Amino acid sequence: MRSKRFLKAEQASLVWDAPGLVAGVDEAGRGPLAGPVVAAAVILDDLHPIKGLADSKQLSAKRRDALFDEIRAKALCCSVAQASVDEIDRLNILHATMLAMQRAVQGLRLRPVKVLVDGNRLPPLDVVAEAIVQGDAKVQAISAASILAKVTRDRLLDELHAQHPQYGFDRHKGYGTAQHLAALREHGPLPVHRRSFAPVAQALERVT
């Protein structure tokens, strides 16, 4: 049986915070019908602040790209990880998202004393962690993680568009837009489509 530890909103209740490095964690790509879910973990450097950090969804693509490069240059360390389409279909999207987050934290070069995760769920971690609803708009390290995750995933979908331009991945990034659903009906699902998601399963039935 898979662990349910991530369903708890906190892994430890502390009345104080130990000094040390804090990592922010966020993901991109839970809702789309295609592509992996991507997570990032970031430990910012207080000596090299980054202006303009915000929820990645509130920023233009041009601004996200600029901040992506600045975060990679100025953060003490950062890590980006994925859970594959196969893992999403096998585990379900929530478990796969937690797995990607866990991998991102484990990939950090420096070990944080605390991890702040966007949302109300926590992945299994061997470090104190706290879930923060709308954390990508409240905590700069989470904002930075949201930007790294979204830009990385958007670029992956742009690569998919180059391979399969008839699906329009460069515009909808895998989300279930009318254009994407129409392409699914006309061309059928690709291996990068999530077969556990209803619109893809329905399209698959029509071509089998």
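D26 stands opposite A40 in β2. Strands β1 and β2 pair in the antiparallel sense, over five bridges; two strands count as paired if DSSP finds at least two bridges between them. Strands (E, at least two residues) and helices (H or I, at least four) are DSSP runs, numbered from the N terminus. This is a predicted model, in which local features need pLDDT of at least 70 and side-chain atom pairs count only at pLDDT 80 or more, while totals for chains, interfaces and linings use all residues. Residues are numbered from 1 along each chain as its sequence is written, and side-chain values use heavy atoms, with hydrogens and water left out.

The open sheet has five strands in the order β3-β2-β1-β4-β5, with mixed pairing. Its edge strands are β3 (77-83) and β5 (128-132), each of which pairs on one side only. From one strand to the next the twist averages 20 degrees. Angles run from 0 to 180 degrees between N-to-C directions, and axes are lines fitted to C-alpha atoms, for helices over the stretch in contact. Helix α5 packs on the sheet and touches β1 (22-28), β2 (37-43), β3, β4 and β5; the direction of α5 makes about 35 degrees with that of β1. Contact means heavy atoms within 4.5 Å.

| Strands | Sense | Bridges |
|---|---|---|
| β1 and β2 | antiparallel | five bridges |
| β2 and β3 | antiparallel | seven bridges |
| β4 and β5 | parallel | five bridges |

V42 stands opposite C78 in β3, and the bridge partner of V37 in β3 is A83. In β5, A131 is the bridge partner of V117.

Strand β2 is mostly covered, with seven of its seven residues buried; buried means under 20% relative accessible area, exposed over 50%, and partly exposed in between (1.4 Å probe, protein chains only). V37, A39, A41 and I43 point one way from β2, V38, A40 and V42 point the other way, and all are buried.

The largest nonpolar core has 30 residues, of which V25, V37 and V115 touch the most other members. A nonpolar core is a set of buried Ala, Val, Leu, Ile, Met, Phe, Trp, Tyr and Cys residues joined through side-chain atoms within 4.5 Å. Helix α3 gives the most to this core, with seven residues. A second, separate core of 23 residues includes L116, V139, L148 and V151.

Is V105 buried or exposed? V105, found in helix α3, is buried, with a relative accessible area of 10%. Leaving aside neighbours within four places in sequence, V105 is in contact with V25, A41, V115 and L125. V105 and A39 are 66 residues apart in sequence and 9.1 Å apart in space, C-alpha to C-alpha.

Helix α5 (residues 140-163) also packs with helix α1 (residues 61-74), at an angle of about 115 degrees and with their axes 9 Å apart. Residues of α1 in this contact include L67, F68 and I71, which meet residues of α5 including I147, L148 and V151.
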